Amino acid sequence: MRAYSLLPASLGGLLLLAGLVSPAAANDTGGKLLATGGVTQLEGAAGGGLTPWAVIGGYDTAGQVGANAFYTRVQSGSYSLNSYGALVGIANRVELTVARQSFNTEDVGGLLGLGKGYTFNQTIVGAKVRLAGDAVLEQDSWLPQIAVGAQYKHNDQGAVLRAIGARHDGGTDFYVSATKLFLAQSLLVDATVRFTKANQIGILGFGGKDDSYHVEPEGSVAYLLSRDFLIGAEYRKKPDNLAIAHEDDWYDLFVAWVPTKNISVTVAFAPLGNIVIRDHQNAAYLSLQVGF
Amino acid sequence: MRPHLMFTGISLRAAVTALTLALTLCVGPVDGARADDATFQAFGGKAGLQSLMEDFMANLLADSRTRPFFEKANQTRIKAQLVDQFCQALEGPCHYKGLDMASAHKGLPPITREHFNALVEDLQDAMDKHQVPFTAQNKLLAKLAPLHRDIEHP
């Protein structure tokens, strides 16, 4: 994964550039309707905060390419997670993503003998393809938009991961998402099924007590308050496959603000439960997305 | 009489035929409380729609993405037909007598999803200006959105 070591610098540049782009002309860029490309979930796919949606990120429609970059910070009582990355949406059909996560163990790292502030870094390369449907326009049909995706993940702390009982430092998640906007009710609903071996989404490696894929449901419900504000809740079931530490399912309550097609800001409250030796990791989540 | 319920699961063309039949069978004026009269009233009734359409057309003409489709057209006629079409979609006391959407857009330059969504944005801007509540806006858009299948063409 050496090729991705340049990622932080180049993304920083992208974010800087994005700051110079005036959002004033935003209404004229890209063929999708506002917010219908979703925001960016933790691993870089277009979706909610925790779970991917079947929508293709960016504001591209047929014959267009859309792109955006994101930065997300999650701060719980004992840990922090920084995640950033970029997304390209092609013709409202294919979505390609890269993301880099850094999970800082803060004081817990010291208690575990890893060193205070010991950090697990994970690089994620993702792809998603829309197979059928249109979440937004097919309002006389029950058929949701359906997409399949994969997220290849590689963690840079293989030795420690093996020491805590994980079997691999890399792995690939596969998922199927169905997303439908019930426009007359101003309600967006997503259901996703993920096939994964990841412990704590890969931050604690892959495989453990067993080396099998686990089938995990995820879902989001979002209510549109206005064209640029949505509120919602998410759920992500997770495997609990490491012998040394219990792993909880994740929830969040979020508010997303999408003032223009160039910018979205998402804040969330997420009770993340037990992470390694610390229970009740209630987290604040902040995510910024800039589009091009 | 709520003929729109029959739209579910059938093609729009079949639905239009069914709608025409249903309206023919529906004798006399529609009176009493309509199920969704509140939404029609949220638009200010037919007068509200007529006023809305002035700003909608102004937006379409100001928007470089949609202007080419409207600048040489008979705008007065289009506005009147849109009033009837929206009024009917909102279950108001109107009957759209114009062409079906496929015929109405035949012969125009290619209409893409980007054009269709641009029109939606211009309509949203006009509805915002007229202070139509967001939930009522979405109820109208939900009725209109499937028309993209007949409006978009290569």
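Which residue forms a salt bridge with A:Lys128? In this predicted model, the partner is A:Glu95, and the closest N and O atoms are 3.3 Å apart. A:Lys128 counts as buried because its relative accessibility is 0%, and A:Glu95 counts as buried at 1%.

Now for the barrel itself. In chain A, twelve strands close into a barrel in the order S3-S4-S5-S6-S7-S8-S9-S10-S11-S12-S13-S14, with antiparallel pairing. Neighbouring strands of this sheet are turned by 20° against each other on average, direction ignored. Take strands S12 (residues 250-260) and S13 (residues 263-271) of chain A: six bridges join them, and they run antiparallel. A:Val255, for instance, has A:Val267 in S13(A) as its bridge partner.

Back to the charged pairs: the count comes to 26 salt bridges over all chains. Here are three of them.

| Salt bridge | N to O distance |
|---|---|
| A:Lys128 and A:Glu95 | 3.3 Å |
| A:Asp134 and B:Arg113 | 2.8 Å |
| A:Glu247 and A:Lys238 | 3.2 Å |

A:Asp134 lies in the loop between S6 and strand S7 (145-155) of chain A, and B:Arg113 in helix H7 (residues 113-129) of chain B, so this pair joins two chains. A:Asp134 is buried, with a relative accessible area of 9%. Both A:Glu247 and A:Lys238 are buried too. Finally, salt bridges that share partners join A:Glu43, A:Lys153, A:Asp173, A:Arg194, A:Glu218 and A:Arg236 into one network.

Notes. Residues numbered from 1 in each chain as written. Chains lettered and ligands numbered in written order. Predicted model: local features only at pLDDT ≥ 70, side-chain atom pairs only at ≥ 80, totals over all residues. Heavy atoms only, no water. Pairing = 2+ DSSP bridges. Helix = DSSP H or I, 4+ residues; strand = E, 2+ residues; numbered from the N terminus. Axes fitted to C-alpha atoms, helices over the stretch in contact; angles between N-to-C directions. Salt bridge = Lys/Arg side-chain N within 4 Å of Asp/Glu carboxyl O. Buried < 20%, exposed > 50% of the residue type's maximum accessible area, 1.4 Å probe, protein only.
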